[in-house]
Amino acid sequence: MQDQSLAKYIDQTLLKPETTQDQILALCKQARTFTFFGVCVNSCWIPLVKHELQTSDVAIVSVVGFPLGAMSSLAKAFETEHAIKKGADEIDMVINIGQLKSENFKGAQDDIRNVVNAAGKIPVKVIIETSLLTLEEKETACKISVEAGAKFV
């Protein structure tokens, strides 16, 4: 018997632009088999993932502002609303790294807050691309994410 104690903490993720339908189907099958927390995909795949996971407890997670995070907050909010309408159970957004690195902390935080507000009761996770940030920037990113209402960083 396999130990599944960690499975509920794992997002099975496939975000490559060349991802095929067959790869998404395999991803969903693995997530069901191992009872992962969620399947994280680009929003175009949400309807297929929703269909494949409809009889499971696996969450549908969609990225917003992926991979750069540099689009307008309005675009991120729209993408969030669209993903939720299609069936997303969680939103994983990319922080605006340029605003963070420019020390425009209010702008970066407002960007997160706009996505959180658009998500309503759906949890939002902030992706902070740690390899691009100093320790101080990572700490600030976490602080402003939590203050903006994100559930995870």
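Student: How many helices and strands does the protein chain have?

Tutor: The protein chain has six helices and five strands. Keep in mind that this is a predicted model.

Student: In what pattern do they follow each other along the sequence?

Tutor: Read along the sequence, the order is β-α-β-α-β-α-β-α-α-β-α.

Student: What does the radius of gyration say about the protein chain?

Tutor: Compare it with the value for a compact globule. For 153 residues that value would be near 15 Å, and the protein chain has 16 Å, so the two agree. Along its principal axes, the C-alpha trace spans about 45 × 30 × 30 Å.

Student: What percentage of the residues is buried?

Tutor: Buried means under 20% relative accessible area. In the protein chain, 42% of the 153 residues are buried. The accessible surface comes to about 8,500 Å², and carbon and sulfur atoms hold 56% of it.

Student: How should I read a strand such as β2?

Tutor: Start with the general idea. In a regular strand, side chains alternate between the two faces of the sheet. Now take strand β2, residues 38-41. Gly-38 and Cys-40 lie on one side, Val-39 and Val-41 on the other. All four are buried, and both faces of β2 are covered.

Student: Which way do β1 and β2 run, parallel or antiparallel?

Tutor: Strand β1, residues 11-14, runs parallel to β2, and four bridges join them. In one of these pairings, Asp-11 has Gly-38 in β2 as its bridge partner.

Student: And how many charged side chains are there, positive and negative?

Tutor: The protein chain has 16 positive and 19 negative side chains. The centres of the two sets lie 4 Å apart.

Conventions:
Residues numbered from 1 in each chain as written. Predicted model: local features only at pLDDT ≥ 70, side-chain atom pairs only at ≥ 80, totals over all residues. Heavy atoms only, no water. Helix = DSSP H or I, 4+ residues; strand = E, 2+ residues; numbered from the N terminus. Rg over C-alpha atoms; globule rule 2.2 N^0.38 Å. Buried < 20%, exposed > 50% of the residue type's maximum accessible area, 1.4 Å probe, protein only. Areas by Shrake-Rupley, 256 points an atom, 1.4 Å probe, with all protein chains shown as cover. Lys, Arg positive; Asp, Glu negative; His and termini not counted. Charge placed at Lys NZ, Arg CZ, Asp CG, Glu CD. Pairing = 2+ DSSP bridges.
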